[in-house]
Amino acid sequence: MPEAVYPPGTMNVATATPQTPQFGTGTDVRDVCLVCTNTDTQGRLGTHVFDLVLPSLGLAYIGAVLERDGRSVDVVDAAAEGLSFEQTLARIEGRYKIVGFYCHTQNYPMILAIAKRLKATADAPHIMIGG
């Protein structure tokens with residue numbers, strides 16, 4: 001299998017190591033992007049604030065299976081990287097055939113907003129939402 005090429009800010013799901021940007025002219029379209037969005041509740045539990053940010057292992061597991069089956073996969077963990085709505089959208093817009101989101105109550109509004117923006121483009125990906 002050829003070595004995977006990862007866009008800026010993504011990670012190799014098999015080794016959990018940041019990858020060097022190699023996306024070229026922007027005409028490259030990869031198979032799947034799995035996204036964990038950022039929320040304003042990240043780092044809070046009730047009234048207690050903490051600095052713990054955990055990786056989305058579920059997305060990594062899904063990504064590993066897809067890569068094993070020959071699909072090109074990137075994971076964008078906007079929560080861990082502290083990405084804004086616009087930064088998250090810029091990482092995925094126009095680059096993927098399928099975009100999958102990890103969803104929970106707090107990030108659902110942001111996911112819907114990103115999905116609407118992605119669907120409004122000429123090269124709209126298939127959107128999957130789960131959690």
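Over which residues does the pLDDT stay under 50, and how many contacts beyond four places in sequence does the model have for them? The stretch is residues 18–26, and the model has 16 such contacts for it. Here pLDDT is the predictor's confidence in each residue, from 0 to 100, and contact means heavy atoms within 4.5 Å.

## Basis and confidence

This is a predicted model, in which local features need pLDDT of at least 70 and side-chain atom pairs count only at pLDDT 80 or more, while totals for chains, interfaces and linings use all residues. Residues are numbered from 1 along each chain as its sequence is written, and side-chain values use heavy atoms, with hydrogens and water left out.

The mean pLDDT of the chain is 78, and 69% of the residues reach at least 70. Where pLDDT is low, the predicted coordinates should not be read in detail.

## Overall architecture

The chain has 4 helices and 8 strands. These are DSSP runs numbered from the N terminus: helices are H or I with at least four residues, strands E with at least two. Along the sequence their order is β-β-β-β-β-α-β-α-α-β-α-β.

Of the 131 residues in the chain, 35% are buried, meaning under 20% relative accessible area; over 50% is exposed and in between is partly exposed (1.4 Å probe, protein chains only). Among contacts between residues at least 6 apart in sequence, 72% join residues at least 24 apart.

## Helices H3 and H4

The axes of H3 (residues 85–92) and H4 (residues 108–119) come within 11 Å and cross at roughly 45°. H3 is therefore oblique to H4. Axes are lines fitted to C-alpha atoms, for helices over the stretch in contact, and angles run from 0 to 180 degrees between N-to-C directions. Angles under 35 degrees count as roughly parallel, over 145 as roughly antiparallel, 65 to 115 as roughly perpendicular and the rest as oblique.

On the H3 side, Phe85, Glu86, Thr88, Leu89 and Ile92 meet Met110, Ala113, Ile114, Arg117 and Leu118 of H4. The residues of this contact comprise 7 nonpolar, 1 polar and 2 charged. Ala, Val, Leu, Ile, Met, Phe, Trp, Tyr, Cys and Pro count as nonpolar, Asp, Glu, Lys and Arg as charged, and the others, Gly among them, as polar.

## Arginine 95

Arginine 95 sits in the loop between H3 and S7. Its relative accessibility is 21%, so arginine 95 counts as partly exposed. The C-alpha atoms of arginine 95 and valine 29 are separated by 4.8 Å, although the two are 66 residues apart along the chain.
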